[in-house]
Amino acid sequence: MNANALIAVMVILPIASALFLNLLHKKDRTIKILAIITAIVIPIIPLLTPYGSHFFGGYVPLAQNATLAQGLPSLITGTQLFQFHPGVMYVFTSAQQLMVFVLGLITFFAIFTFLNETKRPSGVYAFLMFMGTASVSAILLSDDIFNIFVFFEIAALAQVGIIVASGIKNNYETALKYILLGNIAGPLLLLGIVILLGVTGNVNVTDMIFTFKQGYVDPNSPVILMALALIAFGWLYASGLPPFHTIKSAVYSKALPHGAALLQAFSVFTLVAIGIIILRLFSYNSFTNIAIIGISVIAMILGITMAIVQTDYKRILGYLAVGELGYIGIGLGLGTAFGITAGLFQAVNEAIITSFLFIGFGTVLYKTRTSNTRKLGGMMYVNPKVALLVLLAGLAMAGVPPLNAFQSKLMLIQAAIQSGLPELGIIMILLSIVTFMTFMKAFYTIYMRPKPKELEILDNKIPRSTVISLVALLIICIILGLFPQIATNSLQTLAAGLV
Amino acid sequence: MVVDSQLMSFFTAGSLVVIGIFAALFLDNLIKKIIGLAFLADGVNLFIITMGYKPGGIVYIFLPDMVVSNFAQTASYPLPFALVLTNIVIGASTLAVILGLVIILNKRHGSLSASKILRDKGE
Amino acid sequence: MSFYDIILKRIRKIQEKAEEEEPITNVTASAMLTAELTLIASVLVAVVMVRLIHPVLMIIMIAAVLIIALMAMPIMPRLRREQNDDLNNMMFYVVVALGIIVALFYWGNLNV
């Protein structure tokens with residue numbers, strides 16, 4: 001029981017550190033030390049934590065609590081109430097370990113880049129980044145759907161703060177649009193959760209699944225289908241699938257590059273977490289899988305076609321990031337264990353590669369203060385090593401071996417063909433080719449074509465920490481590309497449990 | 001004509017949700033949009049509370065002189081009330097952030113019209 | 001004039017109607033064309049999946065999508081103009097999507 005307290009520490013430590021950083025705003029050295037220590041510790045905790053569950057407040061199910069269960073009447077002990085979870089429960093298995101670790105790693109790179117790129121690091125900005133990390137870790141770990149909703153709202157507020165802090169033109173307007181849309185999606189998600197509570201009497205997902213399986217409620221009743229629709233709608237907002245893809249890509253473009261890297265990691269992992277909950281609860285309804293595949297195909301098509309026609313490279317990256325979410329959704333929607341493993345692996349790769357791309361292209365912003373591809377050019381001669389790293393990031397996103405996205409996209413295409421839907425495989429290949437073409441177009445216009453006369457390249461050197469982050473992310477991409485079993489072995493048990 | 005108060009309460013919650021979405025979508029003034037979103041959240045809160053209603057239910061505090069089986073059968077369901085309290089706090093903090101953003105945007109643009117401030121800036 | 005030039009001219013005409021101030025370069029026009037082809041190709045392949053419901057329905061839908069796509073050819077500039085950052089536009093699509101999702105889940109379960 002005590003060793004499992006580390007599961008709660010994965011959420012509590014970033015929150016506590018965030019609160020201290022907020023208090024210590026303006027004390028630069030203390031902020032740097034505290035932020036970097038927390039950023040180093042956050043990815044390490046999931047590696048040390050043993051698998052299991054954590055019951056907040058010690059409220060185990062009555063069946064496991066002999067002292068409390070003694071004097072209770074058979075009204076309670078004879079029924080299923082005895083097995084239900086009365087408190088908030090966090091579950092930690094190998095899949096959560098991998099995902100919280102990758103999230104912590106991306107947080108570390110984002111904080112590392114942030115602390116070295118700004119002269120006076122802002123404690124409030126670090127607070128927002130850590131609160132976001134804590135919220136998404138909690139969403140990944142929690143088995144209590146209302147707890148997920150609370151952290152979903154906290155994550156939305158943290159994301160708004162990250163956008164507001166960037167100082168980019170029109171960021172306040174984008175932040176307001178994002179939170180106004182969130183205030184439609186959030187209450188409707190809560191309405192869906194509450195309908196489930198009213199029908200099943202539980203907010204714990206394990207107990208709700210039990211109630212459905214035992215036939216205590218009719219899983220096909222219109223009320224539960226309405227709840228499914230509302231929860232799916234909230235899921236669309238949190239992950240950035242259509243119709244929220246335009247605001248999500250605007251959010252990525254209005255944040256600073258390391259902030260955008262973190263924001264897209266939040267979106268990817270929230271998509272995975274809430275998507276898994278939807279599959280666990282509603283996979284008896286075969287229409288759920290069709291709907292997830294449908295929305296993912298729409299996301300891929302809309303995201304990638306919009307990415308081709310943008311002229312601001314941050315919008316290109318934003319739309320590509322949104323389009324790549326479709327691959328993850330297809331993996332989840334296929335419904336086979338292999339497909340779900342492929343989707344989850346693609347999510348992990350996506351988070352790493354898109355952070356790599358955002359931080360890499362962020363160096364262009366650092367040197368030229370503009371992100372308009374029509375005004376850029378000739379950046380290859382400024383720093384060839386960073387240009388090479390960005391090129392490798394783009395190859396990674398397109399799915400070129402031996403980098404990681406090749407393995408996950410190959411698995412996805414195989415899973416699609418095995419499920420009897422080779423058309424999905426064709427669409428995925430076609431859109432990967434177009435993704436590569438879009439990235440090469442952006443790379444060419446920024447790095448390879450001759451420098452326009454009006455372009456002013458600032459003299460500041462790209463910080464070594466940024467280059468170190470890029471190299472580290474590249475190494476992770478190569479390792480996962482050569483040894484995909486490191487990730488897929490952790491994800492297989494979760495995937496098998498979902499089918 | 002005796003109307004079931006719980007049913008009427010559900011209808012009120014539903015109409016609050018619909019009015020909220022209508023206001024958020026169609027009204028131009030930012031403050032009116034925000035009030036619409038507050039209606040939406042209030043509608044959901046009312047829905048939650050109505051769901052926890054139990055006719056003739058007692059307050060769910062187990063006093064020392066109560067019998068467990070009596071308590072288990074007559075106490076109203078406490079979980080929805082906890083959820084509503086949490087949701088009210090979430091709504092209040094989100095409202096604070098939204099209003100802060102609106103104040104800054106009003107100072108910059110000098111107007112509260114959503115179609116002027118929040119239109120497509122062409123980037 | 002070759003087919004490519006005709007398409008390029010039509011795309012430029014639509015783009016000029018949309019954004020008069022923005023200079024039209026070959027890069028943006030060819031980007032529009034690429035996006036157009038990608039869109040039509042992906043939608044066609046996605047429609048082939050309808051074969052699981054009924055093969056004849058798939059043939060009809062493919063023919064319909066082909067005809068609509070060829071008639072309304074420069075779809076991409078209109079699609080791009082429609083997916084803008086305007087709050088009213090986004091909220092409209094959000095509420096429409098909410099309606100479609102609720103309707104689909106409510107009744108889509110019946111035939112699957």
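**View 1. Buried residues of helix α17 in chain A of the predicted model**. The buried residues of α17(A) are Asn404(A), Ala405(A), Phe406(A), Gln407(A), Ser408(A), Lys409(A), Met411(A), Leu412(A), Ile413(A), Ala415(A) and Ala416(A). These make up 11 of the 15 residues of α17(A), so the helix is largely enclosed by the rest of the structure. The partners against which the buried residues of α17(A) pack are α14 (313–334), α15 (337–368), α16 (384–398), α18 (422–448) and α19 (464–482), which belong to chain A. Helix α17(A) covers residues 404–418 and spans 21 Å from its first C-alpha to its last, close to the 21 Å expected at 1.5 Å a residue. Just after the helix, Gly420(A) has a positive phi of about 85°.

**View 2. Two cis peptide bonds between prolines in chain A**. Pro401(A) and Pro402(A) are joined by a cis peptide bond with omega of about 0°. Pro402(A) sits in the loop between α16 and α17 of chain A. The bond from Pro242(A) to Pro243(A) is also cis, and its omega is near 5°. Pro243(A) is placed in the loop between α10 (222–239) and α11 (245–253) of chain A. Most residues other than glycine have a negative phi, and most peptide bonds are trans.

**View 3. Positive phi at Lys26(A) and Asn170(A)**. Lys26(A), which is not a glycine, has a positive phi near 90°. This residue is part of the loop between α1 (5–23) and α2 (28–48) of chain A. Lys26(A) is exposed, because 11 other C-beta atoms lie within 10 Å. Asn170(A), likewise not a glycine, has a positive phi of about 65°. Its loop runs between α7 (145–164) and α8 of chain A. With 14 other C-beta atoms within 10 Å, Asn170(A) is partly exposed.

**View 4. Phe356(A) and the largest nonpolar core**. The largest nonpolar core has 243 residues, and Leu181(A), Phe269(A) and Phe356(A) touch the most other members. Helix α8(A), residues 171–200, provides the largest share of this core, 19 residues. Leaving out residues up to four places away in sequence, Phe356(A) touches Ala393(A), Ala396(A), Leu470(A), Leu473(A), Leu474(A) and Cys477(A).

**View 5. Surroundings of Lys33(B)**. Lys33(B) belongs to helix α2 (residues 30–51) of chain B. The residue counts as buried because it has 26 C-beta neighbours inside 10 Å. Apart from neighbours within four places in sequence, its contacts are Leu180(A) in chain A, and Ala23(B), Ala24(B), Leu27(B) and Ala114(B) in chain B. Leu16(B) is 17 residues from Lys33(B) in sequence, and their C-alpha atoms are 14 Å apart.

**View 6. Contact between chains A and C**. The contact involves 36 residues of chain A and 32 residues of chain C. On the chain C side, α2 (26–48), α4 (75–82) and α5 (87–108) each supply at least two residues. Helix α5(C) gives the largest share of that side, 13 residues. By class, the side of chain C that touches chain A has 24 nonpolar, 6 polar and 2 charged residues.

**View 7. Contact between chains B and C**. Here 9 residues of chain B are in contact with 8 residues of chain C. Helices α1 (5–26) and α5 (114–117) of chain B each supply at least two residues of the side of chain B that touches chain C. The largest share of that side, 3 residues, is from α1(B). The classes on the chain B side are 5 nonpolar, 1 polar and 3 charged residues.

Terms used:
Residues are numbered from 1 along each chain as its sequence is written. Chains are lettered from A and ligands numbered from 1 in the order in which they are written. This is a predicted model: local features need pLDDT of at least 70, side-chain atom pairs count only at pLDDT 80 or more; totals for chains, interfaces and linings use all residues. Helices (H or I, at least four residues) and strands (E, at least two) are DSSP runs, numbered from the N terminus. A residue is buried if 20 or more other C-beta atoms lie within 10 Å of its own, exposed if 12 or fewer, and partly exposed in between; C-beta atoms are placed from the backbone. Two residues are in contact if their C-beta atoms, placed from the backbone, lie within 7 Å. Ala, Val, Leu, Ile, Met, Phe, Trp, Tyr, Cys and Pro count as nonpolar, Asp, Glu, Lys and Arg as charged, and the others, Gly among them, as polar. A nonpolar core is a set of buried Ala, Val, Leu, Ile, Met, Phe, Trp, Tyr and Cys residues joined through C-beta atoms within 7 Å. The expected span of a helix is 1.5 Å times one less than its number of residues.
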